[in-house]
Each structure stands twice: as C-alpha cells, then as structure tokens.
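Please open the model in your viewer and keep the selection tool at hand. The stops below go from the whole chain down to single residues.

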Amino acid sequence: MDKVGIIGAGSLGTALAQTVANNVDTVYLHLRREELAKTINSTGYNSEYYPNTKLKNNIIATTDMNDLIDCKIIFLSIPSSAFRSTLENLKEVISEDTILVTTAKGIEYPSLKSMGRLIEEYFDENFVALSGPNFASEIVLNLATVSNIASRSSENAIKVKKVLSTPEFKVKIIDDVVGLEICGVIKNINAIANGICEGMNINENARYAVLTKGFEDTGRIIEAFGGKISTASEYCGFGDLVLTSTSSESRNHTLGMLYGQRIIVDEKASGIVFEGKNSIMAIKDICNNTNTNSVVVNFVYDVIVKQIPPKIAFKDLWNNIEE
C-alpha cells in the first residue's frame, strides 16, 4: 500500500504512525499545529510526546487535510470529543472507498453513540475499530503488543491488519464491532474504580474483588448495548481492563486515585483530557435505559459525578457486591 493517513499526532497517533511506517511507502500524520508539524518534519522527532524517539523517515507531518485524499486507510487517533467535527471536515476530502479506523475509546454524550456509530452517520458501516491492552509509549518503542480489530467488512479488517502487523505488533480480528468499542469505554470506568480503591488504601482482597465484579459487569453491559458477552474475554476486554485498572501509567487509574484521596481535579485547568468522566455518565445512562445494574458503575458515578465521599460510596458498593 502506498499511503496511509493518521489524524492525531498525540501519543497513540504517533506510535501507530511509527508502526504503520514499516509496511507502507508514506504515512501522513495530520495535526492542527503548524509549528509542531514543522518540528517533526525538520528534526524527525515529535518533541511534545516522544522527544527521545526518532520517527521513521517516511512519516510526514501535515496540517492540510487535503494531503489525505489519496490515502487508502485513515486512522482516527483523536479524543472522542473531537470526533464529530473531524468527520465533518473529512467528509469533504476523502473518497467513499477510504477505510476509516477508529482508535477512540469513548461515547458521545448525551447521544450515547459510539465512535463507530458516528462514522456511520457520515460514511458507512464498513469502518474498522481498533482496541487492546496497548500503551502508546510501548508501541512507539516497538515492544511486543497485541490488539483486536473488528469490522462489518472482513475485507477491510484484513487490509488494516496487514498495514498494522509487524513481528512485534500482533493483530487479532474479531467479529463484534459493538462489543469491542464498548470494552474500550467500560475499562476506563473499571480503571477509575480501582484507582479510587487504591487511593483510599482499600485492602487488596477487596480491590481485586471489585476488579472481578467489574469484569463480570462488562459482559452484561456489552450484551445490553448489542454486543457479545464473549468479547469481554478478548484482548480488548479482559486484557485492557486489567492493564488500565492496575497500571500507574493509566490516566483513568490516576484520576481514580486522586478522587480516592479526596483530591478533586480541575480537568480543564490541568489540560489533561480524562475521557473517563463522560464515559461514566454515558455508561450509567445505558445501564439505566436497559435495566442493567452494575455496582461498579454506580460506585464510580457516585464518587466522580455525585461527589459522594469515597468511603461512603465504597460501603454502598460492598453492601451490594453480592446480594
């Protein structure tokens, strides 16, 4: 394949560019800021995210979406909050047969639409979704990684697998687009839950009971949203849930720890994007709409949204964890 585009030069977009560059002639890395694009093109380094990692020579940074016209595959590595506006701009540029790949792990609120369903509004249902237990900081260093992809078009899934796969980066195709996308949202809630417990210094027996309950709830919520329970056991499910719930590298785990310590975060002032907060409200609404009760979702909603003191919220969680 000649050209692949990646929209979003953050940590994941840049890491994917580094991986895809092994398999194609040119990777266009689209970003908004002209100054950073010039830095990447002149030095070969994304100074904001990976100042010590040299990017491959066939990665070209651009701020012009018209450079993506000839790309056969375009990865959307942007926050869910920027998804709809990006699709609107992209609609004017790319052809009908361009394969779009979403890596965003979020739900539009209050519409409760996954990123894939937003793509369907502007294009068609043959997009590809990518999710797994993947830290971008490891992908960019070419460390061993596995991810799932899913699409209603098996042909598109195979094409995306081909441009992503390297001896180190393994890709497994599954047939549940809905389940894969929802796993990416629910794991953030579980990460926050376990972060809260750690921030409160809850004992480990209880913490891992909460993690287990969160995994059990994941399958039921996936099914309620129209996916398959079995997807919860995939890399994008169990693997990502455990990774983000237990690692200090996880932003949502860190968010939970801060709330567990009664440190209230001003997310806008900090400049850090915690997509978990919108995810909580969206998943809570989905649970309410489908009569699906999740004590872990309720716990996180109580602490983050209702700002109930963590010890009081945990007592309610523990009283209801096994009725």
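Begin by colouring the chain in two parts, domain 1 (3–175) and domain 2 (178–320), whose bounds come from an automatic or database domain assignment. This is a predicted model, in which local features need pLDDT of at least 70 and side-chain atom pairs count only at pLDDT 80 or more, while totals for chains, interfaces and linings use all residues. Residues are numbered from 1 along each chain as its sequence is written, and side-chain values use heavy atoms, with hydrogens and water left out.

Stay with the two domains: the C-alpha centres of domain 1 and domain 2 are 26 Å apart, and their contact (heavy atoms within 4.5 Å) draws on 29 residues from domain 1 and 29 residues from domain 2. Together domain 1 and domain 2 bury about 2400 Å², 63% of it on carbon and sulfur atoms, where buried area is the accessible area (1.4 Å probe) that two parts lose on being put together, summed over both. Three salt bridges are counted between domain 1 and domain 2, a salt bridge being a side-chain nitrogen of Lys or Arg within 4 Å of a carboxyl oxygen of Asp or Glu.

Next select K172 and E234, which form a salt bridge with the closest N and O atoms 3.0 Å apart. By this rule the count comes to 16 salt bridges. Another pair to display is R84 with E121, at 2.9 Å from N to O; R84 belongs to helix α3 (residues 83–91) and E121 to helix α4 (residues 115–122), so this pair, 37 residues apart, links distant parts of the chain. Helices here are DSSP runs (H or I, at least four residues), as strands are (E, at least two), numbered from the N terminus.

Now move to helix α7 (residues 177–199) and helix α10 (residues 251–260), whose axes come within 6 Å and cross at roughly 40°; axes are lines fitted to C-alpha atoms, for helices over the stretch in contact, and angles run from 0 to 180 degrees between N-to-C directions. To see this contact, show residues including A191, I192 and I196 of α7 and L255, M257 and Y259 of α10.

Finally, look at two loops. P110, in the loop between β6 (107–108) and β7 (113–114), is joined to Y109 by a cis peptide bond with omega about 10°. N142, in the loop between α5 (136–139) and β9 (145–151), has phi near 65°, a positive value in a residue other than glycine.
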